[in-house]
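User: Got a model here I'd like to talk through. Can we start with the charged side chains?

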Amino acid sequence: MASSEKQPDAFRTIGELASELGVAQHILRYWETKFPQLKPLQRAGNRRYYRPADVALAKRIHRLLGQEGYTVRGVQKLLAEKRESAETAPLPPPPITTPTPASQHGGVDIAKLAALRDRLRSALDG
């Protein structure tokens, strides 16, 4: 199955991501050494699997370097600033929900988990 046929939240191999971005695989491996935020999962044989957040970050790095004219050093600073501001910014308060039997599964409040997921996603996206 080609990467264009995969679900948006599916993991990508290094070959699929390289093809999607139009760069060589060694470029992605180089970016991993220069941008500590880019950390794909590595399985047996050092096979890399890029999560959706890794794919989004790689696309952003590619755009900043290729289209917006940033240097590697400039992108490093930009990503570090984003990370610092995300760490110091307070998280918004969680929405107040009243658990109902329909929203719970095995004692877990699905609405609270969804709200937490959304807060984490917005904190990571900055």
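User: Is Arg12 buried or exposed?
Analyst: Arg12 is buried, at 7% relative accessible area. Buried means under 20%, exposed over 50%, partly exposed in between (1.4 Å probe, protein chains only). This is a predicted model: local features need pLDDT of at least 70, side-chain atom pairs count only at pLDDT 80 or more, and totals for chains, interfaces and linings use all residues. Residues are numbered from 1 along each chain as its sequence is written, and side-chain values use heavy atoms, without hydrogens and water.

User: Which side chain meets Arg12 in a salt bridge?
Analyst: Glu20, at 3.2 Å, N to O. A salt bridge here is a side-chain nitrogen of Lys or Arg within 4 Å of a carboxyl oxygen of Asp or Glu. Glu20 is partly exposed at 32%.

User: What about Lys59 and Glu20?
Analyst: Their side chains form a salt bridge at 2.9 Å, N to O. Lys59 sits in helix H3 (residues 52-66) and Glu20 in helix H1 (residues 14-21), so the pair ties together parts 39 residues apart in sequence. Helices are DSSP runs (H or I, at least four residues), strands likewise (E, at least two), numbered from the N terminus.

User: How many salt bridges in the count?
Analyst: Seven.

User: Switching topic. Where is Arg48?
Analyst: Arg48 is in strand S3 (residues 47-50). Arg48 counts as buried, at 17% relative accessibility.
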